[in-house]
Amino acid sequence: MAAGTPRPGVPVRGSSSGRPVMAALDLLGRRWTLLILWELSQAPGGFRELQRRCERMSSSVLSTRLGELTDVRLITMREDGYHLTQLGGDLVDALQPLFAWSRRWAEEADAGPAQGSRHSDE
């Protein structure tokens, strides 16, 4: 596994616990990681195809992220390009409620100030 790739059981950025969720959040918080996973959930792609689909990403960052995602078994390289693994597909599925929530959050943020609070400050 590449040095510095977040993995469960090892301290990660922002957490010394090694908890799997903290390792996952560190990995997913890395620049371009979610976009790569999203693009591969839509269709597999080779390096140049992914670089085209992620148009502002440098080749060195793409290479690093693909290596990290391969190391942690979220993607795999086949003859026709990179693909999500079952684990990678499960991750994208698990993120769907967060995507839905974020759309609702964006709509409510555009509506103006909050009308109430779920949690009291008292």
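1. Helix 1 and its cover. In this predicted model, the buried residues of helix 1 are covered by elements that include helix 2, helix 4 and helix 5. Which residues of helix 1 are buried? They are A23, D26, L27 and L28. An α-helix has 3.6 residues a turn, so residues three or four places apart point the same way. A23 and L27 can be checked against that spacing in the view above, as both are among the buried residues.

2. Overall plan. The chain has 5 helices and 2 strands. Read from the N terminus, the order is α-α-α-α-β-β-α. The radius of gyration is 17 Å, well over the 14 Å that the globule rule gives for 122 residues, so the chain is more spread out than a compact globule. Along the principal axes, the C-alpha atoms fill a box of roughly 55 × 35 × 25 Å. Of the 122 residues, 31% are buried. Take the contacts between residues at least 6 apart in sequence: 42% of them join residues at least 24 apart.

3. Helix 2 against helix 5. Two packed helices are described by the angle between their axes and the distance between the axes. Helix 2 covers residues 33–42 and helix 5 covers residues 86–110. Their packing angle is about 110°, and their axes are 11 Å apart. That angle makes helix 2 roughly perpendicular to helix 5. The crossing of these two helices is left-handed.

4. Who meets whom there. Helix 2 brings L34, L37, W38 and S41 to this contact. From helix 5 come L91, V92, L95, Q96 and F99. By class, the contact of helix 2 with helix 5 has 7 nonpolar and 2 polar residues, with no charged ones.

5. Helix 2 against helix 4. Helix 4 spans residues 59–71. Helix 2 packs on helix 4 at an angle of about 70°, with the axes 10 Å apart. Helix 2 and helix 4 are therefore roughly perpendicular to each other. The contact joins T33, I36 and L37 of helix 2 to L62, R65, L66 and L69 of helix 4. By class, the contact of helix 2 with helix 4 has 5 nonpolar, 1 polar and 1 charged residues. L37 deserves a look, as L37 is part of the contact with helix 4 and is also listed in the contact with helix 5.

6. W32 sits in the loop between helix 1, residues 20–28, and helix 2. Is W32 buried or exposed? W32 counts as buried, at 15% relative accessibility. The phi of W32 is near 80°, a positive value in a residue other than glycine. Most residues other than glycine have a negative phi.

7. R73 lies in the loop between helix 4 and strand 1, residues 75–78. With a relative accessible area of 63%, R73 is exposed.

8. T70 in helix 4. T70 belongs to helix 4. T70 is partly exposed, with a relative accessible area of 34%. Leaving out residues up to four places away in sequence, T70 touches I75 and Y82. T70 and H83 are 13 residues apart in sequence, and their C-alpha atoms are 9.8 Å apart in space.

9. H83 in strand 2. H83 is placed in strand 2, residues 81–84. H83 is buried, with a relative accessible area of 12%. What does H83 touch, not counting residues up to four places away in sequence? Its partners are P44, L74, I75, T76 and R78. H83 and Q42 are 41 residues apart in sequence, yet their C-alpha atoms are 9.8 Å apart.

10. T85 is in the loop between strand 2 and helix 5. Apart from residues up to four places away in sequence, T85 touches R73, L74, I75 and T76. R73 was described above as exposed. L74, I75 and T76 are also touched by H83. Along the chain, T85 and L40 are 45 residues apart, while their C-alpha atoms are separated by 9.9 Å.

Key: Residues numbered from 1 in each chain as written. Predicted model: local features only at pLDDT ≥ 70, side-chain atom pairs only at ≥ 80, totals over all residues. Heavy atoms only, no water. Axes fitted to C-alpha atoms, helices over the stretch in contact; angles between N-to-C directions. Helix = DSSP H or I, 4+ residues; strand = E, 2+ residues; numbered from the N terminus. Parallel < 35°, antiparallel > 145°, perpendicular 65-115°, else oblique. Left-handed = near helix turned anticlockwise from the far one by under 90°. Contact = heavy atoms within 4.5 Å. Nonpolar A, V, L, I, M, F, W, Y, C, P; charged D, E, K, R; others polar. Rg over C-alpha atoms; globule rule 2.2 N^0.38 Å. Buried < 20%, exposed > 50% of the residue type's maximum accessible area, 1.4 Å probe, protein only.
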